[in-house]
Amino acid sequence: MPAQPLVVVLDHGADDHAPLAQALTRAGARVVVTADKRTALAADGLVIAGSAPAADVMPALRALGADQVVDRRLAGGRPVLAIGVGMHLMFTDIVRDGAVTEGLGEWAGVVDCVDAASGEVAVQAPPRSALFDGLEDARFDLPDAHAPRTFPLLEDWPADTRLVVPLVTWSSGEERFVVAVENGPLVALLLRLESSGAAGATVLARWVSSLPSLAPDIPGPTHEPGVNA
């Protein structure tokens, strides 16, 4: 039986991560929910997720040193999956109720309220998407109607570069907005996969299967919010 990759779901204290941790476990990962910086650095995959407002989550992430963890992981080409508010925080600014929260700035762009009701959303994925291939007719749970309407990096992408162009998945409703980005080791999803049925489980399983299995065993309980391994 192949080794299971170790996935850390970062416990920033503003959300219950148990449902996501259970979904990642079903997808084939060894899952630890923790606020411990060293464990987050050592994991095969790091997940930053939640549905709480960015204004609540961002200070907690900085207090944990998660901004440094993300930078170090990405600099070394090590996978980070950002879901929900985690995706919001990968952009430059997040606007909610007139207030602006500064994000991590991994991508230029602004997250703002979009004209979409929370609920199910269909997606338009690019042809080379590793996560959404064959899921063109699927619908996913959209928990929050805040998203970036543009992805400026694509607009400024130099024609002569050898770098791989980020793959951006858009909503297919009347107002188009970004619902997912596949950008090398950094993957972001606006969607709540653990409540998106078979399609959500497929996307999670594909991400988990892309991970190496190099991290050591982490002692202590797994997928229990509030546990520092």
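## Strands β11 and β12

Four bridges join strand β11 to strand β12, and the two run antiparallel. Two strands are said to pair if DSSP finds at least two bridges between them. The names come from DSSP runs numbered from the N terminus: helices are H or I runs of at least four residues, and strands are E runs of at least two. β11 and β12 form a hairpin with six residues between them, and V168 stands opposite V181 in β12.

This is a predicted model: local features need pLDDT of at least 70, side-chain atom pairs count only at pLDDT 80 or more, and totals for chains, interfaces and linings use all residues. Residues are numbered from 1 along each chain as its sequence is written, and side-chain values use heavy atoms, with hydrogens and water left out.

How many residues of β11 (residues 167–171) are buried? Five of the five are, so β11 is largely enclosed by the rest of the structure. Here buried means under 20% relative accessible area, with exposed being over 50% and partly exposed in between (1.4 Å probe, protein chains only). Two bridges also join β11 to strand β8 (residues 119–124), again in the antiparallel sense, and the bridge partner of V123 in β11 is S171.

Strands of a sheet pair through backbone hydrogen bonds, either parallel or antiparallel. This open sheet has nine strands in the order β2-β1-β3-β4-β13-β12-β11-β8-β9, with mixed pairing. At its edges are β2 (30–34) and β9 (139–142), each of which pairs on one side only. From one strand to the next, the twist averages 25 degrees.

Helix α4 (residues 66–75) packs on the sheet, touching β1 (6–10), β3 (45–48), β4 (80–83) and β13. Contact means heavy atoms within 4.5 Å. The direction of α4 makes about 140 degrees with that of β3; axes are lines fitted to C-alpha atoms, for helices over the stretch in contact, and angles run from 0 to 180 degrees between N-to-C directions.

β12 (residues 178–183) pairs with β13 (residues 186–189) in the antiparallel sense over four bridges, and N183 has L186 as its bridge partner in β13.

## Another set of strands

Strand β5 (residues 91–96) pairs with strand β7 (residues 107–113) in the parallel sense over three bridges.

## Where two helices cross

Helix α7 (residues 197–209) has 13 residues and reaches 18 Å from its first C-alpha to its last, close to the 18 Å expected. That expected span is 1.5 Å times one less than the number of residues. Which residues of α7 are buried? They are A199, G200, V203, L204, W207 and V208, and what covers them includes β1, α1 (18–26), β3, β4, β9 and β13.

The axes of α1 and α7 come within 9 Å and cross at roughly 65 degrees. The two helices are therefore roughly perpendicular to each other, a label for angles of 65 to 115 degrees (under 35 is roughly parallel, over 145 roughly antiparallel, and the rest oblique). At this crossing, L20, A23 and L24 in α1 meet L204, W207 and V208 in α7.

In α1, the buried residues are A18, L20, A21, A23 and L24, with cover that includes β1, β2, β3, β4 and α7. After α1 comes G28, whose phi is positive, near 110 degrees.
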